[in-house]
Amino acid sequence: MQQSGAAGGRGCALFPLLGVLLFQGVYSLEIKADAHVRGYVGEKIKLKCTFRSTSSVTDKLTIDWTYRPPSSSRTESIFHYQSFQYPTTAGTFRDRISWVGDVYRGDASISISNPTLKDNGTFSCAVKNPPDVHHNIPVTELTVTVRGFGTMLSSVALLSILVFIPSAVVVVLLLVRMGRKSAGLKKRNKSGYKKSSIEVSDDTDQEEADDCMARLCVRCAECLDSDYEETY
């Protein structure tokens with residue numbers, strides 16, 4: 001009898017645990033975030049976080065972002081959402097956290113403006129959408145570095161390719177057309193050929209087109225110079 005009672009007691013004790021497991025299985029909330037994010041000093045960084053809930057989004061949904069510095073167990077709240085955005089108004093992230101998510105699309109992302117080397121650390125994204133409150137809490141390791149000269153040089157090179165090559169093609173076409181036109185005029189002058197009114201009109205249109213191409217070349221060169229100055 002004692003053994004039977006003990007078995008019955010253990011069986012009764014399992015029911016609450018089983019109920020909790022079933023509850024978690026029905027009201028599941030899955031959250032995903034990038035495990036590692038790399039950024040550069042002074043350039044805005046996006047911390048991506050998405051979630052999927054079995055329940056519809058209501059005004060009870062909450063989002064909390066926390067930050068933990070490297071080699072530290074201390075965490076601080078840097079962002080809270082519940083119908084409205086509440087970025088932190090204190091600490092190192094004051095006035096630098098922005099909401100870039102959309103709860104109705106399962107997006108709980110934020111961004112950091114003017115990041116510094118002191119922003120390195122671990123960020124956590126927690127979402128609750130009652131009755132879905134049981135979920136994982138993904139973490140994101142942020143690494144902020146100074147953009148090197150090689151990276152800046154590659155950006156300038158890419159910009160030069162995108163702007164300079166089209167400009168060079170236009171210049172070559174312009175020179176070829178001007179050369180053909182000059183050769184044609186010399187031949188006509190030697191033979192004493194006189195242009196008709198239609199040909200005179202065509203030449204005028206051609207001169208206007210050449211003038212437009214020349215202005216386009218000048219404009220492309222100005223854009224290239226201005227973009228190069230902004231990069232540095």
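Tutor: Let's start with a term: a nonpolar core is a set of buried Ala, Val, Leu, Ile, Met, Phe, Trp, Tyr and Cys residues joined through side-chain atoms within 4.5 Å. Buried means under 20% relative accessible area, exposed means over 50%, and partly exposed is in between (1.4 Å probe, protein chains only). This is a predicted model, where local features need pLDDT of at least 70 and side-chain atom pairs count only at pLDDT 80 or more, while totals for chains, interfaces and linings use all residues. Residues are numbered from 1 along each chain as its sequence is written, and side-chain values use heavy atoms, with hydrogens and water left out.

Student: Which residues of the largest nonpolar core touch the most other members?

Tutor: Ile-63, Trp-65, Ile-78, Phe-123 and Val-127, out of 26 residues in that core. Contact here means heavy atoms within 4.5 Å.

Student: Why is Thr-62 called buried?

Tutor: Its relative accessible area is 14%, and the cut-off is under 20%, so Thr-62 qualifies. Thr-62 sits in strand E5 (residues 62-68). Beyond its neighbours within four places in sequence, its contacts include His-80, Tyr-81 and Lys-128. Strands (E, at least two residues) and helices (H or I, at least four) are DSSP runs, numbered from the N terminus.

Student: What makes E2 and E12 a pair?

Tutor: They share five bridges in the parallel sense, and the rule asks for at least two, so they pass. Arg-38 has Thr-143 in E12 as its bridge partner. Strand E2 (residues 36-40) has Val-37 and Gly-39 on its covered face, with His-36, Arg-38 and Tyr-40 on the uncovered one.

Student: How many helices and strands does the protein chain have?

Tutor: Three helices and twelve strands. Of its 232 residues, 26% count as buried.
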